[in-house]
Amino acid sequence: MINQYQDNNYLSGQLLIAMPSMADPRFEKSVIYICAHNSDGAMGLLVNRPIEDLSLPQLLGQLEIDLSAEISPVRVMFGGPVEQGRGFVLHSSDYLQDASLVVDENVVLTATVEILQAIAEGSGPKKYLLALGYAGWEAGQLDSEIKNNGWLSVGSDNDLIFGSDIESKWLNAMTKIGINPYMLSDNAGHA
């Protein structure tokens, strides 16, 4: 198990919220959970962009993993444009493997077939989100995008990460920090 300790200058364990002016359609109205952020760059998973026509049982079938337990109807997410063929499970901390990345006391990231097998058997984490691909930033890139008014950040909570009302996550994240997104300007200001 890898432990990640958040430095106050970095956003690990927080959510990024795309500004209404986000020009990149892959990230328009997106909410991204930041799994790792340090001087080398950042990595996160979109938590509100479901992949059409792909359910968790279908994915398990493609991987030839037998579904022997009843699982909740979790949708598979587009985690981001990098390594879209690779799966990542963002989950509650009640399940850990040696290969797990502990992001904070409540959220863990695991990218192994074993966690999918555990979910299929009913012995996996209580809360989870499965994503294909991830969002990645090189050193300083995310910081620059935030300074250029591309993203807002907010502390995470389980409803924003694992909640089933996927279509409302962006608006709910905005309102969590007291912002009406339709009143925001797309121009960065300087004092």
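Me: Is Leu11 buried or exposed, and at what relative accessibility?

Reply: This is a predicted model, in which local features need pLDDT of at least 70, side-chain atom pairs count only at pLDDT 80 or more, and totals for chains, interfaces and linings use all residues. Residues are numbered from 1 along each chain as its sequence is written, and side-chain values use heavy atoms, with hydrogens and water left out. Buried means under 20% relative accessible area, exposed over 50%, and partly exposed in between, with a 1.4 Å probe and protein chains only. Leu11 therefore counts as buried, at a relative accessibility of 13%.

Me: Which residues does Leu11 touch, leaving aside those up to four places away in sequence?

Reply: Leu11 lies in the loop between β1 (2-3) and β2, where strands (E, at least two residues) and helices (H or I, at least four) are DSSP runs numbered from the N terminus. Its C-alpha atom is separated by 8.5 Å from that of Ala42, 31 residues apart along the chain. With contact taken as heavy atoms within 4.5 Å, the residues that Leu11 touches beyond four places in sequence are Leu16, Ile34, His37, Leu142, Ile146 and Ser153.

Me: Why do the buried residues of α5 line one face of the helix, and within what arc do they fall?

Reply: In helix α5, which spans residues 169-176, the buried residues are Lys169, Trp170, Ala173 and Met174. The arc is that of the directions from the helix axis to the C-beta atoms. Seen down the axis, the buried residues line one face because they fall within an arc of 135 degrees.

Me: What covers the buried residues of α5?

Reply: α5 is followed by Gly178, whose phi is positive, near 75 degrees. As for the buried residues of the helix, what covers them includes the helix α4 (158-162). The cover also includes the strands β2 (14-18), β3 (31-38), β10 (128-138) and β11 (151-155).

Me: Which residue stands opposite Leu132 of β10?

Reply: Two strands pair if DSSP finds at least two bridges between them. Strand β6 (residues 75-78) is joined by two bridges to β5 (residues 50-55), the two running antiparallel, and in β6 the bridge partner of Pro50 is Met77. β6 also pairs with β10, in the parallel sense and over two bridges. The residue opposite Leu132 in β10 is Phe78.

Me: What is the angle between the planes of Phe88 and Tyr134?

Reply: Rings of Phe, Tyr and Trp (its six-membered ring) pair if their centres lie within 6.5 Å, planes under 30 degrees apart counting as stacked, over 60 as edge-to-face and the rest as tilted; by this rule there are three aromatic pairs. The pair of Phe88 in strand β7 (residues 82-92) and Tyr134 in strand β10 links distant parts of the chain, 46 residues apart. Phe88 is buried at 4% relative accessible area, and Tyr134 is buried at 16%. Their rings lie 5.6 Å apart, centre to centre, and are edge-to-face, with an angle between the planes of 80 degrees.

Me: Which residues do ring pairs link into a cluster?

Reply: Trp137 and Trp151 form an edge-to-face pair at 6.3 Å centre to centre, with 85 degrees between the planes. Trp137 lies in β10 and Trp151 in β11, so the pair ties together parts 14 residues apart in sequence. Trp137 counts as buried at 8% relative accessibility, and Trp151 is buried with a relative accessible area of 3%. The cluster linked by ring pairs is made of Phe27, Trp137 and Trp151.

Me: How far apart in space are Tyr128 and Val107, C-alpha to C-alpha?

Reply: Tyr128 lies in strand β10 and is buried, with a relative accessible area of 10%. Beyond four places in sequence, the residues touched by Tyr128 include Leu56, Ile71, Val89, Ile119 and Phe162. Val107 is 21 residues from Tyr128 in sequence, and the C-alpha to C-alpha distance is 9.2 Å.

Me: What is the relative accessibility of Glu83?

Reply: Glu83 has its place in strand β7 and shows a positive phi of about 50 degrees although it is not a glycine. Asp53, found in strand β5, likewise has a positive phi, near 60 degrees, and is exposed, with a relative accessible area of 76%. Glu83 counts as partly exposed, at a relative accessibility of 41%.
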